[in-house]
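Have the model open next to you as you read.

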Amino acid sequence: MAQLTMVEAIREAMRLEMENDERIVILGEDVGKNGGVFRATDGLQAQFGANRVMDTPLAESAIVGTSIGMAVNGLRPIAEIQFLGFIYETMDQVAAQAARLRFRSAGRFTAPIVIRSPYGGGVKTPELHSDSLEALFVHTPGIKVVMPSNPYDAKGLLISAIRDENPVLFLEPMKLYRAFKMDVPEEAYEIPIGKANVVREGVDVTIVAWGPPVLLAKQAAEEAEKKGISVEVIDLRTVQPIDLDAILSSVEKTSRLIIVHEAVKSAGVGGEIAALVSECGLFSLAAPILRVTGYDTPYPVPSIEDDWLPTVPRLMNAIQHVMQF
Amino acid sequence: MYDETDLNHEFVQLLNEDGTMKEHESLPNLADEQLVDMYEWMVKMRLFDEKMLRMQRQGRIGTYAPFSGQEAAQIGSAAALRETDWIFPSYREMAACMHHGYPMKQAILYTKGHLQGGYTPEGLNIFPVQIIIAGQTLHAAGCAIATKLKGEDDVSVAYFGDGATSQGDFHEALNIASVNKAPVIFFCQNNHWAISVPLHLQTASQTIAQKAVAYGMKGVQVDGNDILAVYKVMQDAVNRARNGEGPMLIEAVTYRQGPHTTADDPTKYRDAKEVADWVENNDPIRRFHRFLEQKGLISDERIAALKERFNQEIEQAVQEAEAVEPSTADQAFDYVYDKPHKLLAEQKQEVQRLLAEKGGN
């Protein structure tokens with residue numbers, strides 16, 4: 001079994017699927033000869049040709065809009081939006097077109113496309129390169145939103161996304177692209193979309209996270225253990241749909257819930273999870289549900305982002321707070 | 001330096017308003033039966049449009065966007081397509097869609113706000129009606145790129161109006177289509193009005209057709225109320241696209257005789273004289289009628305019989321649409337994903353329970 005980084009696992013997923021399904025095409029800015037600005041598609045144009053790995057004009061709406069037309073005409077496009085902050089340029093094509101096509105046509109036409117996009121903070125980017133915008137699409141019926149936190153999950157989830165009959169937004173944390181390697185099977189495998197993963201078991205507090213905050217949650221859990229607090233960490237892996245059952249069964253056990261995400265706090269996915277748990281699991285709770293998130297400002301400039309993002313100390317404070325109840 | 005006012009362009013016209021052929025022009029290669037068929041379609045579509053307006057006033061359908069005045073542009077262009085070609089329409093293109101095979105019953109269901117109103121029967125390559133202006137231009141471009149990648153030779157047609165040419169998606173679509181030499185035709189019906197905004201506030205270009213130049217593609221301006229001229233330029237564009245010569249922008253100059261939709265009052269912003277001038281002196285059906293009359297291909301008796309037949313056909317489609325079971329709110333959940341996820345399925349059950357309580361069954 002090979003040791004792969006996340007960006008290598010993502011590339012492997014695309015390569016394997018393209019070898020097995022000639023309908024799959026990749027399109028985006030700089031994805032061809034350059035292999036993408038993060039090299040996620042490195043070597044794929046050389047292997048599959050410029051007809052299947054297409055450099056597009058610099059036009060995000062065109063990337064998603066033409067992907068819809070291609071999908072309707074029998075292809076399975078994987079579109080790359082170079083950074084998630086650029087997706088505002090194509091909000092209509094994602095939210096009003098791709099996500100609604102099945103509904104608008106009463107099932108006659110669908111848009112089985114994957115929109116891959118790097119996102120997330122902590123890597124000192126210029127403006128609008130680091131924003132976590134998943135909540136916009138959790139508020140958009142018809143699309144799925146997948147957010148892996150490690151190489152193994154990234155490969156299996158991307159393969160599932162490519163095989164899915166619905167549009168899938170696949171968000172890749174820049175910070176984790178090359179952060180660590182992990183055993184990744186060489187063959188193709190699927191990890192089901194919509195299934196959370198309990199990455200650490202505990203009995204006192206549940207922390208729900210996705211993407212880079214999963215790593216924070218695990219660090220906080222280790223620190224808490226030294227203080228005699230047992231923390232369960234759930235990697236949600238998919239934020240649309242949300243695996244509520246996994247959260248509820250954990251909270252039944254721990255009776256305390258903390259949600260951590262990089263996105264801004266208000267009307268974020270954390271708020272949605274808190275609402276779902278208070279609707280369906282209120283009597284499991286012994287303490288208020290807490291959110292540890294980015295603040296309600298635009299994503300900040302690099303010189304201050306470390307104090308804006310969720311941190312282990314902020315998580316420890318939240319853990320200590322809920323343990324008072 | 002380029003001087004915008006120096007651009008030369010041709011305004012393609014074959015028929016004079018009195019139905020005679022323009023000098024030095026020749027008829028497209030169409031048999032008499034095809035000419036009559038195109039005329040019949042225009043007449044049928046005008047009757048359909050009028051019927052929809054009446055039904056809206058009777059409260060039998062919802063908001064409706066009439067296309068009267070634009071029949072030559074829509075029928076003339078659709079007539080140059082073959083069945084496997086793709087159409088990506090906006091909401092004022094039902095005549096083109098129906099000519100391409102879209103069932104009249106479905107068109108009526110759409111205006112009735114039925115959940116199945118956007119359904120295109122299997123085998124027909126007609127996209128659902130687009131509401132977001134110019135959004136469909138990119139779908140047509142993508143569809144055409146896929147056709148080219150697959151080595152097939154169908155063409156895709158995006159239908160839109162003059163207002164759409166102001167949108168960013170219009171620019172992105174023409175650009176990416178031309179870069180890829182995709183077999184797509186951008187068919188603009190310049191009907192002079194985007195709701196209340198006149199063309200001169202929409203663009204400072206002398207023509208819409210000339211915008212093609214900047215994308216490295218052919219553009220042509222045609223008299224959109226001259227069905228033979230529309231057919232001719234469309235056939236040329238279709239042949240070029242099928243032969244791998246890339247996309248084309250067609251500007252069909254026409255006029256929206258009616259309101260933007262049944263919710264609009266154009267007397268608030270449009271000069272009655274302007275409207276009367278187009279309706280009385282430049283109606284696409286009247287012009288083609290005169291042409292066919294001079295060729296001895298139609299007669300008053302034949303037209304009376306035709307109208308009778310079409311009214312029956314329309315009435316039949318109305319009855320079929322009105323006989324369709326109304327949509328129910330629980331059906332909304334069936335077309336969000338291929339399979340509803342758990343939380344969605346729970347919401348569907350809630351709606352079903354509430355519907356059952358309301359209906360008492």
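Let's start with Lys181(B), which is partly exposed because its relative accessible area is 45% (buried means under 20%, exposed over 50%, partly exposed in between, using a 1.4 Å probe and protein chains only). Its phi is near 45°, a positive value in a residue other than glycine. You'll find Lys181(B) in the loop between α6 (168-179) and β4 of chain B; helices are DSSP runs of H or I with at least four residues, strands are runs of E with at least two, and both are numbered from the N terminus. His192(B) is not a glycine either, yet its phi is positive at about 80°. That residue sits in the loop between β4 and β5 (193-194) of chain B.

Over in chain A, Gln240(A) and Pro241(A) are joined by a cis peptide bond, with omega about 0°. Pro241(A) belongs to the loop between β12 and α9 of chain A.

## Ground rules and confidence

This is a predicted model, in which local features need pLDDT of at least 70 and side-chain atom pairs count only at pLDDT 80 or more, while totals for chains, interfaces and linings use all residues; side-chain values use heavy atoms, with hydrogens and water left out. Residues are numbered from 1 along each chain as its sequence is written, and chains are lettered from A and ligands numbered from 1 in the order in which they are written.

Chain B averages a pLDDT of 96, and 99% of the residues score at least 70 (pLDDT is the predictor's confidence in each residue, from 0 to 100). For the complex, the predictor gives an ipTM of 0.96 and a pTM of 0.97.

The largest pocket has a volume of about 850 Å³. Here a pocket is an open set of points on a 1 Å grid over the protein atoms alone, with protein on both sides within 12 Å along at least five of seven lines; a cavity is a set where a 1.4 Å probe fits but cannot get out, and lining residues have an atom within 4 Å of a point. Grid points are joined across faces, edges and corners, and a volume is the space filled by probe spheres set on the points. Some 37 residues line this pocket, and Ala135(A), Val138(A), His139(A), Gln240(A) and Glu272(A) lie nearest its centre. Chain A supplies at least two lining residues from each of α6 (134-138), β12 (238-240), β13 (257-264) and α10 (269-280), as chain B does from α13 (342-359). The top contributor is α10(A), with 7 residues. By class, the lining has 21 nonpolar, 10 polar and 6 charged residues (Ala, Val, Leu, Ile, Met, Phe, Trp, Tyr, Cys and Pro count as nonpolar, Asp, Glu, Lys and Arg as charged, and the others, Gly among them, as polar).

The second largest pocket has a volume of about 490 Å³. Its lining has 24 residues, with Ile193(A), Gly194(A), Pro241(A), His341(B) and Lys342(B) nearest the centre. The elements giving two or more of them are α9 (244-254) of chain A and α13 of chain B.

Phe160(B) is in strand β3 of chain B and is buried, with a relative accessible area of 1%.

## Rings

The whole structure has 15 aromatic pairs over all chains (rings of Phe, Tyr and Trp, the last by its six-membered ring, pair if their centres lie within 6.5 Å; planes under 30 degrees apart are stacked, over 60 edge-to-face, the rest tilted). Phe38(A) and Tyr177(A) make a tilted pair, 5.0 Å centre to centre with 45° between the planes. The two are 139 residues apart, and both are buried. Together with Phe83(A) and Phe86(A), they form one aromatic cluster.
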